[in-house]
Every structure is written in C-alpha cells, then in structure tokens.
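Dear colleague,

Please find it below, followed by a summary of what was found in it.

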Amino acid sequence: MRVPGPPSCHCATCADEGVPMRVLGVAAGAGLYDCAGEDGETTTVDMTLVEPVAPDERVLVHAGVALVKLGAEP
Amino acid sequence: MRFVDEFRDAELGRVVAGEILAAVDPQRHYKLMEVCGGHTHAIYKYGIDDLLPANVELVHGPGCPVCVIPMGRVDDGIAIAHEPGVIFTCFGDMLRVPGSDGTLLDAKAQGADVRMVYSPLDALRIARDQPERQVVFFAIGFETTAPSTALTLMRAKAEGVENFSVVCNHVTIVPPLRALLESPDLRLEGFIGPGHVSTVVGARPFQFIPDQYGKPVVISGFEPLDVLQSALMLLRQLGEGRCEVENQYARVVPFDGNAAALRVMGEVFALRPHFEWRGLGFISQSGLRLSDDYADFDAERRFSAPGVRVADPKACQCGEVLKGVIKPWECKVFGTACTPERPIGTCMVSSEGACAAYYNFGRFARGERAAV
C-alpha cells in the first residue's frame, strides 16, 4: 500500500468520522461523559444511545455522540 | 495506534491482494460500488485500487452527504445566515459548498455570523450562552449523524432553549441505493456497504439488494485492509454464486444496529415526501424533516428562505460521478476549472467527495501507472 503523501483530513459530516474514545467519567449534564481519544485529547460525549457505560469502556463517537460500544483492544 | 495499525499492515494487504487475484475470473469484469465517501477517501489515500486486478473496478457512490446537497438548499442556508441576529452554525465542509451566488464562507466574509461546529451539541451550547441571539444549525448527514441532531433537539426542548433551530437536510441511505439500482445506465456487480451508517441502521435494511436486485453487499470498515477484505468477500460471493449481505465490520457494526438511535430519530424526524439530491434529482422518501412535535425548532418555519430549486452548473458532471457513470478525471472541468481550492461541483468540496479524494491522492497513482 502506498504511504499517503498529502495531509489526511476527515469530513466531520461523513460517516467515516467515527472516533474510538475511552470513557473517563461522568460530566455535567444528563447522559454526558468525559472521554479521551487515542491522542489523549479529552472531550464531552453524549452517551444516551449506548448507556450504561463505565470508565475505561471504549466507544465509537460521531459528531459528539457515542453510537456503539467497542470491544476490548486487540 | 492500536485497533488501527493492525488494519493498515502492508504485508497483510499484499496477502489479501493475492487472494483477490485468485478469486477473480480473468474473463469477467467486476464493477463494485463503495457507497460511502469514507471508503472513497480510503481507496485513494492508500492506493487500494492499485492493488486490485485490472478487471476489478471500484465505482464511487453517493455516500458523501456534503456532495449530495443541492445548490438551492445552500442558498436557503445562506439566506438564513444573513438574517439579523442569527448565528449560523454548520460542519466545516459545508462552509465551502457553492450555492448559486457564493458559499457560507463568502457570507461570513460579507458579515454574516457563520461558525463551524463539530457537533450540533456545540451549536446548542452557543444558544445557551447567547440567549439574545438566534442560533441555527445546518444539519446534514445520513443516519450516522441524524441521531446527534435528534438528541440535541431533545435536549433543547427539555431545557426550553427557544433561540435554537435547525435547517434539516438529513437524508437516508436506502432510497438513493434503490434509485441507483433502478438506473438504466448503471451496471454493478455488488456493493461495499457503509460502515458507520450501519452502526445505526444495522445490516437488515440492505437485504433488499440481494433479495430484489440480485447483488451482494458487504458492510465494510474504513481502514485499507477492511476495504480490501470487503472486496475479496464480494468477489468470493460472486465466484461462488452466492448473493448475501455480509458484515466485514462486525467488530463495530451490530447486525440489528442501534435501537435507541432509531427510536430518537423516529421521535424527532419525519420523512419528507421527496428530497432533491445533487446529481440524482428528487428521490422519494429520502430526506428527513422535523416531526410535528419539534416543528417549533424548524428554522425553515422560523425564518424565510427562498426555497428555490437551482440547476447544477452545466459544466459540472457531479451527477455522473455520483452514479459511477464516469470517473472523476473524465469530467470536463476536473482539475482545471474545478479544484479543491475553487470547486464548481460538490464532489470537489468535501475531502470525502470522489473528485477531491482523487485530486488529492489519485493523480500520483495514475501518473505512476502511466509510467509503468
């Protein structure tokens, strides 16, 4: 496979923008949790669609909302 | 990066490419359509098409939500953005989509308060922080993104946030696929199905494709090995005379989707009788509007928008590209009048659009191939 040359950029709208994140803990607001991405950056994510969740669980996040729980890391 | 690097292993990629070569009938030509713009992006970014035999052709489908927004809807958004006191919010790629007289970025340059957000929840936060302003979110996307808009509207309603509204351009994936399958100028052997849309809708909605049209579907992830393996699974189905919906992306996609997401979408949205898709025309029951329970949050009711249909520029062949009838570089204006810096067609705007993906990554590969 070719090593990509031009910079990578995701379209936030497109369905490919599914970001694996790890649950850190409850945030202020119903259904909201603080999560960390693979790069360590933290953000608040709406977990309404996958609750209940627990710290250290992994979820796939799209446009600020967790769509599915992911299994354990390989 | 764990869970990612494993699916970018070049050596494994070569192994799968070898299996693909063994699976194809050299006397047969295979046309496979990847529905999702994310797959198109991955194909060009990683040179996946270079690993496929010459008789396996990848056709790029209509699954980039930015690319299928018609100009009239962009004009409506721009008109609302120019309303006094409005803060107009949208995803980043929408900012550069051309309407009939400029883009949302142009509107911003002219003084409109247009802001990029990552999530509709960010737009709601702006509305909470600035109750004296009207905050509008320009909602686009398939079933992956629609739950985010739905949850945001449910929060806005529960909290009584009255200065928040949505221009709803959400679309659904099945009707355009059916329209494509009915198109007389389209010849396809099978579909690489959308990965993250399927986390919401599941695999079941695609069953009509094998049942009614006799074409196999493989729901695929977005890493290069995902796409290669999905192509192999399709080719094996074709070789063995099978015709099924298979799920290559089972590590993420549950067969039944996400019932909670479907439930919130059902509460907040209703089907429009028809919706216009750029390049594909009007497709019945393919677009979503806000349901009557959420009509107070409908920006199209709150503000006056032109609501005028605008024909695509004549030189632009986005429609043929979206239907897979021509390749991006076969468009008359590709790479000359139409570039990512100055797009004419929407397929050149979004990084997931077939033309932009090819422009950014593919010319290198074609040059290499030509030199061999």
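I begin with a pair of helices in chain B of this predicted model. Helices α1(B) and α10(B) cross in a left-handed manner. The contact involves B:Leu12, B:Gly13, B:Val16, B:Glu19, B:Ile20 and B:Ala23 on the α1(B) side, and B:Leu225, B:Leu228, B:Gln229, B:Ala231, B:Leu232, B:Leu235 and B:Arg236 on the α10(B) side. Helix α1 of chain B covers residues 10-23 and helix α10 of chain B covers residues 224-240; their axes lie 9 Å apart, at an angle of about 15°. Since angles under 35 degrees count as roughly parallel, α1(B) and α10(B) are therefore roughly parallel to each other.

A second pair in chain B may be described in the same terms. The axes of helix α5 (residues 120-129) of chain B and helix α6 (residues 146-159) of chain B come within 8 Å and cross at roughly 25°. That angle makes α5(B) roughly parallel to α6(B). Here the crossing of α5(B) past α6(B) is right-handed. From α5(B), the residues B:Pro120, B:Leu121, B:Leu124 and B:Arg128 take part, and they meet B:Ser148, B:Thr149, B:Thr152, B:Arg155, B:Ala156 and B:Glu159 of α6(B).

Turning to chain A, the model shows zero helices and five strands, so that the order of elements from the N terminus reads β-β-β-β-β. Chain A has 74 residues, of which 51% count as buried. Of the contacts in chain A between residues at least 6 apart in sequence, 27% join residues at least 24 apart.

Finally, a word on confidence. The model as a whole scores ipTM 0.82 and pTM 0.88. The average pLDDT of chain B is 89, and 95% of its residues score at least 70. Among the elements of chain B, strand β10 (residues 269-271) has the highest mean pLDDT, 98, whereas helix α14 (residues 354-371) has the lowest, 63. Over residues 364-372 of chain B, pLDDT stays under 50, and the model has seven contacts beyond four places in sequence for this stretch. Where pLDDT is low, predicted coordinates should not be read in detail.

With kind regards

Technical notes
Residues numbered from 1 in each chain as written. Chains lettered and ligands numbered in written order. Predicted model: local features only at pLDDT ≥ 70, side-chain atom pairs only at ≥ 80, totals over all residues. Heavy atoms only, no water. pLDDT = per-residue confidence, 0-100. Helix = DSSP H or I, 4+ residues; strand = E, 2+ residues; numbered from the N terminus. Contact = heavy atoms within 4.5 Å. Buried < 20%, exposed > 50% of the residue type's maximum accessible area, 1.4 Å probe, protein only. Axes fitted to C-alpha atoms, helices over the stretch in contact; angles between N-to-C directions. Parallel < 35°, antiparallel > 145°, perpendicular 65-115°, else oblique. Left-handed = near helix turned anticlockwise from the far one by under 90°.
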